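I opened my notebook to write down what I looked up, one topic at a time. Have the structure beside you and follow along.

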Amino acid sequence: RALYLEDKAVAFIENTNISGNRANIGTALSVQDNGSFAHVFGSYINENGENGEGAYADNYVISASYTSISIKQSTITGNDVNELSAIILNNQSSLNLNNSIIYNSELVLKEAQPNSIIASCTILNEDTIIQGPSIYVEDPGFVDAANQNYHLASDSFAIDLCESNIQSHDTDGDPRNWDNPSVINAEGSFDAGADEYFIDVIFSNNFEDTTQQ
């Protein structure tokens with residue numbers, strides 16, 4: 001796995017791409033025991049696990065036991081965990097999801113303790129457990145998911161979806177809160193996930209034509 005935390009360890013993971021990892025439990029991230037904490041923001045977690053083939057069981061992409069995890073402005077997609085598990089294991093832990101995309105073919109969450117999730121403005125592939133007025137079950141609309149391009153397409157559902165964010169720039173260095181004039185804002189002008197769909201209007205709209213204002 002990419003990261004294992006225990007014994008009051010704390011990790012702040014920002015603008016990072018976590019991919020290509022395998023483990024028996026928590027292919028990308030495992031956080032254990034009281035006092036440990038992981039804060040993931042502005043990051044991609046993708047292409048982890050191989051459905052339990054070979055030497056690893058590949059149960060869960062993120063495993064949290066008796067701890068807390070915060071996932072904000074991040075994209076978790078294209079992972080292949082054991083089909084009997086889920087993307088996230090929340091075992092007696094608190095989970096905060098905000099402005100994110102979790103879009104895989106498997107169950108999103110397995111929870112051992114009900115009502116321990118705070119979620120807002122998040123796109124999921126299913127909502128068996130995580131429900132609410134700001135939880136969307138939609139295809140987020142990536143540029144080319146088959147070739148691991150998880151940037152937002154021009155017609156992505158995630159564009160101008162959320163009202164708040166914690167970063168000034170996304171993983172590509174594009175400014176957050178770029179308000180796409182062709183999209184009606186849902187909750188606000190921030191995009192969900194690790195990518196902010198951004199068009200540099202200075203160079204994309206006839207910048208050489210001095211007759212236009």
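Entry 1: I started with Val10, which stands opposite Phe37 in E5. The model I am reading is a predicted one: local features need pLDDT of at least 70, side-chain atom pairs count only at pLDDT 80 or more, and totals for chains, interfaces and linings use all residues. Residues are numbered from 1 along each chain as its sequence is written, and side-chain values use heavy atoms, with hydrogens and water left out. I noted that helices (H or I, at least four residues) and strands (E, at least two) are DSSP runs, numbered from the N terminus. E2 covers residues 10–14, and five bridges join E2 to strand E5, residues 37–41, with the two running parallel. Further along, I found Phe41 in E5 as the bridge partner of Glu14.

Which residues of E2 are on its covered face, and which on its uncovered one? I found Ala11 and Ile13 on the covered face, with Val10, Phe12 and Glu14 on the uncovered one.

**Entry 2: the five-stranded sheet.** Next I looked for the sheet around E2. Two strands pair if DSSP finds at least two bridges between them. Five strands form an open sheet in the order E2-E5-E8-E11-E14, and the pairing is parallel. E2 and strand E14 (117–120) are at the edges with a single partner strand each, so one side of each has no neighbour in the sheet. On average, neighbouring strands here are turned by 5° against each other, direction ignored. For such angles, axes are lines fitted to C-alpha atoms, for helices over the stretch in contact, and angles run from 0 to 180 degrees between N-to-C directions.

**Entry 3: the six-stranded sheet.** I then traced another open sheet, of six strands, with the order E3-E6-E9-E12-E15-E16 and parallel pairing. Why does one side of E3 and of E16 lack a neighbour in the sheet? Strand E3 (17–19) and strand E16 (135–137) stand at the edges, so each has a single partner strand. Inside it, three bridges join E9 (residues 75–77) to E12 (residues 101–103), and the two run parallel. Ile76 is the residue opposite Ile102 in E12.

**Entry 4: Gln73.** I found Gln73 in the loop between strand E8 (68–72) and E9. Is Gln73 buried or exposed? Its relative accessible area is 0%, so Gln73 is buried; the cut-offs are under 20% for buried, over 50% for exposed and partly exposed in between (1.4 Å probe, protein chains only). Gln73 and Gly52 are 21 residues apart in sequence, and 28 Å apart in space from C-alpha to C-alpha.

**Entry 5: salt bridges.** A salt bridge here is a side-chain nitrogen of Lys or Arg within 4 Å of a carboxyl oxygen of Asp or Glu. How many salt bridges does the rule give? The count comes to three.

- Arg22 meets Glu50 at 3.7 Å, N to O. Arg22 is in the loop between E3 and strand E4 (29–32), and Glu50 is in the loop between strand E6 (44–46) and strand E7 (62–65), 28 residues apart.
- Arg22 also meets Asp58, at 2.6 Å, N to O. Asp58 lies in the loop between E6 and E7, so this pair ties together parts that are 36 residues apart in sequence.
- Arg176 pairs with Glu196, with the closest N and O atoms 3.5 Å apart. Both residues are in the loop between strand E18 (149–152) and helix H1 (201–204), 20 residues apart. Arg176 and Glu196 are buried.

Shared partners join Arg22, Glu50 and Asp58 into one network of salt bridges. I checked its members: Arg22 is buried at 19%, Glu50 is partly exposed at 45%, and Asp58 is buried at 0%.

**Entry 6: nonpolar cores.** A nonpolar core is a set of buried Ala, Val, Leu, Ile, Met, Phe, Trp, Tyr and Cys residues joined through side-chain atoms within 4.5 Å. The largest core has 27 residues, of which Ile45, Ile62, Ile69, Ile71, Ile88 and Ile102 touch the most other members. E2, E4, E5, E7, E8 and strand E11 (94–98) each give two or more residues to this core. Apart from it lies another core of 17 residues, including Ile101, Ile123, Ala158 and Tyr197.
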